[in-house]
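This briefing concerns secondary-structure packing and strand pairing. Please consult the sequence and the model shown here.

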Amino acid sequence: MENLIALLIAAPLLGAAVLLCGGRALDRTGHLLGTLLSLASFAFGLVLFTDMLGKDAEERALHQHLFSWIPVEGFQADVAFQLDQLSMTFVLLISGVGTLIHIYSIGYMEHDERRRRFFGYLNLFLAAMLLLVLADNYLLLYVGWEGVGLASYLLIGFWQHKPSAATAAKKAFLVNRVGDMGLSIAIMLMFTTFGTFAFGPVLEATGDTGEGKLTAIALMLLLAACGKSAQVPLQSWLGDAMEGPTPVSALIHAATMVTAGVYLIVRSGAIFNAAPDAQLVVTIVGAVTLLFGAIVGCAKDDIKKALAGSTMSQIGYMVLAAGLGPIGYVFAIMHLVTHGFFKAGLFLGAGSVMHGMNDEVDMRRYGGLRKYMPVTFVTFGLGYLAIIGFPGLSGFFSKDKIIEAAFAKGGTEGWILGSVALLGAAITAFYMTRVMLMTFFGEERWRKQAAIASGAGEDYQEPHPHESPKSMTIPMIILAFGSVFAGGFFSIGDRFLHWLEPVTAHEHGHPPISAGAVTGATVAVLVLGVAAAWLMYGRRPVPAVAPRGSLLTRAARRDLLQDDFNHVVLVRGGEHLTRSLVYLDHSLVDGAVNGTAASVGGLSGRLRRLQNGYVRSYAVSMFGGAALIVAATLLMRAV
Amino acid sequence: MSASAVHSLWTMAATAPASNEIGKIDAPKIEYAQLSPTLIVIGAALIGILIEAFVPRRSRYYAQVGTAVLALVAAFIAVLALAADGYGTTKAHIAAMGAVAVDGPALFLQGTILLAGLVAIFTFAERRLDPAAHGNQVDSFAAQAASVPGSDSEKAALKAGFTTTEVFPLALFAIGGMLVFPAANDLLTLFIALEVFSLPLYLLCALARRNRLMSQEAAVKYFLLGAFASAFTLFGIALLYGYSGSVSYARIAGVVDGSVQDIDPALADTMGNDALLLIGAALVVMGLLFKVGAVPFHMWTPDVYQGAPTPVTGFMAAATKVAAFGALLRLLYVVLPGLRWDWRPVMWGVAIVTMLGGAIVAITQTDIKRLLAYSSIAHAGFILAGVIAMNPEGISSVLFYLAAYSFVTIGAFAVVTLVRDAGGEATHLSKWAGLGRRSPLVAAVFAVFLLAFAGIPLTSGFAGKFAVFKAAAEGGAGPLVVVGVLSSAVAAFFYIRVIVLMFFSEPQPGGPTVAVPSALTTTAIAVGVAVTLVLGVAPQYFLDLAGQAGVFAR
């Protein structure tokens with residue numbers, strides 16, 4: 001059975017190789033091949049899953065040793081896989097959602113002449129992401145980590161003719177390098193500390209290792225997670241990443257890749273558990289990001305960017321939960337899975353809207369679309385209800401648990417984290433309601449007159465909103481099912497908890513207030529958020545031109561000044577640093593080098609004058625040398 | 001000598017046992033077969049003299065070249081046969097009544113000298129480079145050495161198409177002396193070998209066809225300074241005899257380490273006097289340092305290398321260094337190991353100033369031959385670092401280095417003979433600018449040699465330098481290695497500068513032309529490149545060979 005694990009990865013890898021090397025001959029069928037191989041991977045995943053369910057909870061983990069990768073004395077890196085419940089969860093999420101998005105892309109990318117390549121990249125992404133979650137050691141995980149980074153870069157910049165897409169791809173790549181650096185340093189530290197990279201030995205050895213070292217490793221892992229999962233301070237790339245085709249945003253920048261950081265933290269739970277300081281930092285990063293993303297989400301008029309802010313915020317929840325330790329790991333992953341459903345669904349819905357609206361992304365030119373695209377409206381609406389945590393839907397169960405766990409952290413920290421999580425839930429309700437209202441309700445601001453009034457040029461083409469083809473709506477419907485039922489399915493009888501507990505361990509927290517009170521508060525803030533949004537965007541017509549807004553709004557529109565901050569501090573600072581280093585290089589280093597060279601040259605010029613061509617002076621030099629040698633020899637004996 | 005000592009001499013002679021007949025001397029037992037390499041070469045040299053005397057001028061060149069090549073090949077085969085017979089390892093011993101060692105280092109170095117000599121003879125015999133004088137093909141050597149430069153007799157000799165075919169027997173004599181030099185196992189043999197190979201070299205230096213005055217000046221300088229150095233050596237030998245009562249290496253070593261206690265009554269006052277030992281050893285070592293061109297006995301090197309005919313320079317730079325370092329190794333490892341705490345610090349100093357001095361002064365040279373001369377000084381320093389190691393790796397690494405270095409050197413000087421203008425060889429560096437554009441192959445070959453000199457990996461220079469520095473480091477001379485590496489960095493500058501000059505500068509108008517050599521020089525250069533690359537890419541076999549050969553017979 002374990003031999004199937006490699007096939008999980010091999011199928012999409014084969015697809016990527018064939019599609020990317022196959023050339024134009026595959027233009028007509030490539031997308032089907034890619035989808036089929038993705039489906040095959042999902043099928044292998046299901047087979048392994050059923051097999052796993054048939055075993056006892058403690059014996060479910062499978063291992064497959066493929067080959068010895070870098071066999072050096074004392075440095076053993078293997079290509080080996082580990083499939084436990086945590087990896088299994090990811091495998092199903094990645095290949096399942098991945099397959100749906102492949103199917104969706106068949107319709108969405110129908111008119112793109114580089115569709116084959118697009119599917120090749122998608123398959124490459126699946127292979128790398130599966131490698132990331134199946135690796136049984138950090139080094140192999142790193143390969144997958146870099147692989148998804150590459151796929152993300154290629155897909156964000158897929159429409160490379162657009163300078164904005166090319167720039168966004170580069171930005172994502174560069175920001176991710178910072179995180180990748182963290183991961184590589186963490187791996188090096190692990191090697192020097194534990195002498196190995198394999199999960200098993202590393203995580204078992206944490207008990208005997210100094211806290212300082214573990215904190216360093218944990219913080220480096222957190223840096224890696226921040227890069228990949230767009231957490232503050234490495235969040236700036238995610239909004240721009242929306243330049244990629246919408247299926248990419250759904251798969252990579254919402255459902256799967258951006259959650260790799262959460263996977264990394266949960267997988268390395270033993271390290272974080274032994275480094276409480278690092279855990280505190282993780283919770284702070286999560287809390288800050290969940291507010292940051294939510295606030296940005298409130299101000300964006302671009303539907304994808306609003307959703308991107310939301311993604312950031314929701315991952316902030318997961319990171320916060322992961323930072324809580326054993327009381328939060330399971331809920332972090334549970335929220336990750338439910339988020340995978342509803343956020344992918346929301347993005348696909350957004351893509352469907354764009355598909356029917358001439359690729360318009362500005363929500364101020366939407367409005368009243370519910371009657372033109374009913375399936376999109378219903379599925380998007382269910383995703384919306386799920387994400388805001390409407391009681392009974394997926395997001396309600398998973399987010400409620402995280403808020404509870406945050407309070408259960410105890411002490412002042414618990415109160416602060418819990419309140420932030422609650423506040424985040426209110427803001428989530430607000431901005432998602434705003435998206436919903438601006439897109440599907442209200443006036444039809446996409447009519448030509450309205451659009452021109454809002455500043456569009458005379459050549460504005462009035463769109464003809466229409467429902468998307470079946471290949472797009474079916475995945476949306478399936479995901480909507482997940483958005484509605486997954487949370488309940490997982491939570492009733494604590495199914496998910498029992499499933500994951502053998503891997504991540506779980507402790508029941510003791511919240512200072514009862515679970516019922518937390519749920520009540522969650523529902524209350526939900527109502528508040530929805531009501532506020534309705535007051536602002538439902539009751540009044542949405543202005544076609546964005547009002548100037550408060551200082552906070554304006555800042556939020558500029559992503560809370562993240563790029564300005566980066567520009568001033570990092571770009572300018574970097575330029576100054578470079579300039580001063582160049583100056584130092586020129587003056588000090590080159591000066592020393594050139595000075596040495598010059599002095600050696602000068603010495604050479606002076607010494608060569610000794611070579612005057614007269615035999616007599618040569619003889620004198622020889623005589624002097626002989627006298628010196630004799631004297632030195634005698635002196636050596638004397639001392 | 002005190003009166004009683006003199007008296008005892010008399011009385012001892014008078015009371016000698018009657019059975020020991022006076023005047024009966026045991027016939028020396030000479031192992032001719034084991035000395036055959038030397039004997040073949042010296043014999044060929046004598047035949048060469050007869051050829052000069054009896055063979056018509058027209059055929060002399062061919063007869064001389066043929067004899068020399070045959071002799072060197074035969075001698076090399078003899079060396080191989082001796083080595084195959086185990087004389088390099090298990091059967092190593094002292095032959096010719098203690099005068100000559102037949103052992104691994106001796107055979108290895110003799111083989112190296114013979115091969116280097118053979119390649120050098122090829123460059124001696126080259127007759128395509130110089131434009132034909134009055135319809136006669138000429139080589140690098142003067143038409144008639146005795147004629148005054150610029151005189152009528154010189155012109156007449158030129159017109160008659162004379163060539164100095166004596167260079168071949170002279171070279172053979174030099175090679176013969178060099179074969180004995182590293183094998184010499186007593187001080188007298190050492191000295192005689194020294195003179196046997198030095199005198200022909202002095203003559204050869206004077207024989208340049210072009211720039212004859214400079215050539216003669218070089219020869220006189222070399223001769224005077226060589227004689228000066230020989231005097232020191234001889235004085236040192238005398239002092240060592242006074243110290244030990246013998247010129248035999250084994251006996252001197254025995255007295256040094258105290259295993260020989262019996263004192264020659266005639267030398268009762270001087271024997272065991274450490275002052276004699278120390279001064280004598282220092283002076284003999286000094287004579288050898290002069291031959292290898294170590295600072296401060298290096299002053300002759302640039303002048304002589306520049307003035308001598310370039311094929312002679314190449315031969316001298318390669319073969320002399322091999323022979324002299326061989327002798328130095330044997331002296332230090334066989335005779336003076338008991339004294340190493342005295343000579344090692346001194347040699348440290350010599351090695352350091354040699355490495356640094358050679359490398360630093362080379363930077364400002366503008367003549368390619370002088371540049372290579374200073375480079376050879378720096379290399380002498382590197383080899384000294386290996387000598388100082390005083391461990392088995394020291395011996396084998398020096399043997400390897402010498403073999404690698406000699407072929408690079410001959411090849412490099414052979415390339416120098418190709419780059420010519422109206423005045424003969426264009427040795428000024430400025431003329432080499434842009435050579436890579438005009439003659440990419442020649443420039444590339446020269447670049448290979450320069451990289452080998454600089455010790456760049458995949459050339460023999462790297463393998464050799466690595467071996468000697470490794471040996472030195474293991475022998476406890478770490479600081480010396482640091483100085484060596486720093487000097488290598490300095491040296492790399494001027495080697496690379498020539499490469500930059502050749503490939504990245506614009507060719508000058510009226511620059512030199514590159515002559516197309518005959519198969520002889522081509523062979524010499526090709527052998528140089530081949531050895532450089534083979535020893536650089538796959539040095540292990542030869543390192544092992546040098547390792548096997550690296551044991552002295554005592």
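Helix α15 (residues 392–418) of chain B lies across β3, β4 and β5 of chain B and runs at about 25° to β3(B). Helices (H or I, at least four residues) and strands (E, at least two) are DSSP runs numbered from the N terminus. Axes are lines fitted to C-alpha atoms, for helices over the stretch in contact, with angles from 0 to 180 degrees between N-to-C directions.

This is a predicted model, in which local features need pLDDT of at least 70 and side-chain atom pairs count only at pLDDT 80 or more, while totals for chains, interfaces and linings use all residues. Residues are numbered from 1 along each chain as its sequence is written, chains are lettered from A and ligands numbered from 1 in the order in which they are written, and side-chain values use heavy atoms, leaving out hydrogens and water.

**Sheet in chain B**

- The open sheet of three strands has the order β4-β3-β5 (chain B) with antiparallel pairing; two strands pair if DSSP finds at least two bridges between them.
- Because β4 (424–425) and β5 (513–514) of chain B stand at the edges, each with a single partner strand, one side of each is left without a neighbour in the sheet.
- Two bridges join strand β3 (residues 419–421) of chain B to β5(B) in the antiparallel sense, and B:Val419 stands opposite B:Val514.

**Hairpin in chain A**

- Strands β1 (residues 62–72) and β2 (residues 75–83) of chain A run antiparallel and are joined by nine bridges.
- A:Leu62 has A:Leu83 in β2(A) as its bridge partner.
- Two residues lie between the strands of this hairpin, where A:Gly74 takes a positive phi near 75°.

**Helix packing in chain A**

- Helices α14 (residues 303–323) and α15 (residues 329–356) of chain A pack at about 175°, with axes 9 Å apart.
- α14(A) is therefore roughly antiparallel to α15(A) (angles under 35 degrees count as roughly parallel, over 145 as roughly antiparallel, 65 to 115 as roughly perpendicular and the rest as oblique).
- The residues of this contact (heavy atoms within 4.5 Å) divide into 14 nonpolar, five polar and two charged; Ala, Val, Leu, Ile, Met, Phe, Trp, Tyr, Cys and Pro count as nonpolar, Asp, Glu, Lys and Arg as charged, and the others, Gly among them, as polar.
- Helices α8 (residues 211–228) and α13 (residues 276–299) of chain A have axes that come within 8 Å and cross at roughly 20°, so α8(A) is roughly parallel to α13(A).
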